[in-house]
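Okay, everyone, let's get the structure up on the screen. I'll talk through a few rings, a hairpin and some helix packing.

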Amino acid sequence: MDIYLPIAELSVNPFLVIGLGGLVGFLSGLFGVGGGFLITPLLIFIGIPPAVAVGTSAGQLLASSVSGTLAQVRRGNVDMRMGLVLVGGGFFSTAAGVWIFGVLQRLGQIDLVITLCYVLFLGVVGGLMFVESLRAILHVRKAATRGKLHRHYWVHGLPLKMRFQRSRLYISALLPIGLGFAVGILSAIMGVGGGLLMVPAMIYLLGMPTALVVGTSLFQVCFIAGMTTFLQAAQNQTVDIVLAILLIAGGVVGAQFGSRIGTRLRGEQVRLLLAILVLLICGKLAFDLFSPPPDTFSLTAGGS
């Protein structure tokens with residue numbers, strides 16, 4: 001039994017899409033990321049046009065991140081003040097990113113740009129995270145003593161310092177604002193909630209405790225994904241409501257199970273598993289990018 005998707009203009013098996021949503025929701029709750037870096041490539045793999053995959057995944061991110069955030073709030077793992085500062089930095093860049101997305105779509109280059117962005121972004125972030133988390137695990141086994149939570153760089157000397165009592169930090173507000181700005185651009189162009197960048201940056205750059213990073217990241221994803229979904233639907237018409245509902249149905253349930261299991265793992269274990277997953281997706285996208293298409297003479301409507 002297939003169901004027709006009006007915006008994507010093709011038919012898919014609804015149970016397959018619900019299963020994909022459930023898998024991504026589970027990983028979202030487990031790793032504290034929105035899951036857009038995973039759901040967008042998976043939708044492309046089953047034949048959804050990249051532009052529609054990016055626009056629709058933002059809607060799925062909104063539902064799964066809200067579900068995951070509620071679970072983290074009940075456990076007291078969200079730094080609300082830090083989350084609001086991150087959201088403030090991401091609002092303006094999200095609007096700019098959606099405008100850039102529309103320009104690339106009209107030029108017929110959005111599919112190539114989306115794939116290249118994913119290969120570069122996932123390769124760099126996944127590689128760095130894999131090396132660091134592996135070193136952390138080996139270091140814990142060799143030495144029982146615990147080092148500093150984070151190192152101090154020149155960015156920690158920036159002005160406009162704020163105190164974040166929940167995270168026990170006294171840092172410049174420019175750091176989370178700049179981080180939120182970068183995430184807003186990525187959310188609009190790649191359909192990601194930004195957790196993939198947010199989680200390591202909050203740990204290594206801001207110095208937040210890992211236990212608070214997951215919940216605070218999901219809190220930020222809720223607002224950015226909501227704004228991205230609205231702007232993509234209004235300006236670029238790339239949000240397929242039927243596809244989004246199927247993904248949300250699976251994602252809300254999966255996020256609850258992922259959050260429960262995530263609390264049983266140590267921070268470095270979570271980062272290592274996430275790094276392996278990221279590198280696998282990067283490898284598949286890179287293979288598809290450079291491999292010859294099955295039908296050299298096929299055309300897609302509208303360049304998307």
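Let me start with a definition: I call two rings of Phe, Tyr or Trp, the six-membered one for Trp, a pair if their centres lie within 6.5 Å. By that rule, we get one aromatic pair. And keep in mind that what you're looking at is a predicted model.

Take K284: its charged end sits over the ring of F45, 4.3 Å from the centre. Then there's R163, with its charged end over the ring of Y170, 4.5 Å from the ring centre.

Now, where does that R163 stand in the strands? R163 is opposite Y170 in β4. So let's look at that bit of sheet. Strand β3 covers residues 161–164 and strand β4 covers 169–172, and the two pair in the antiparallel sense over four bridges. Together β3 and β4 make a hairpin, with four residues between them. Have a look at R168 in the turn, by the way: R168 has a positive phi, about 60 degrees.

On to the helices. For two packed helices, the description is the angle between the axes plus the distance between the axes. What do we get for α4 and α8? Helix α4 is residues 80–107 and helix α8 is residues 210–236; their axes come within 9 Å and cross at roughly 25 degrees. Angles under 35 degrees count as roughly parallel, so that's what α4 and α8 are to each other. As for who's in that contact, the residues split into 15 nonpolar, eleven polar and no charged. The crossing of α4 past α8 is right-handed.

Helix α8 has α6 packing on it as well. Helix α6, residues 174–190, packs with α8 at an angle of about 45 degrees, with the axes 10 Å apart. That makes α6 oblique to α8. And α6, too, passes α8 in a right-handed crossing.

Key: Residues numbered from 1 in each chain as written. Predicted model: local features only at pLDDT ≥ 70, side-chain atom pairs only at ≥ 80, totals over all residues. Heavy atoms only, no water. Axes fitted to C-alpha atoms, helices over the stretch in contact; angles between N-to-C directions. Parallel < 35°, antiparallel > 145°, perpendicular 65-115°, else oblique. Left-handed = near helix turned anticlockwise from the far one by under 90°. Nonpolar A, V, L, I, M, F, W, Y, C, P; charged D, E, K, R; others polar. Phe/Tyr/Trp six-rings, centres within 6.5 Å; stacked < 30°, edge-to-face > 60°. Lys NZ or Arg CZ within 6 Å of the ring centre and 35° of its normal. Pairing = 2+ DSSP bridges.
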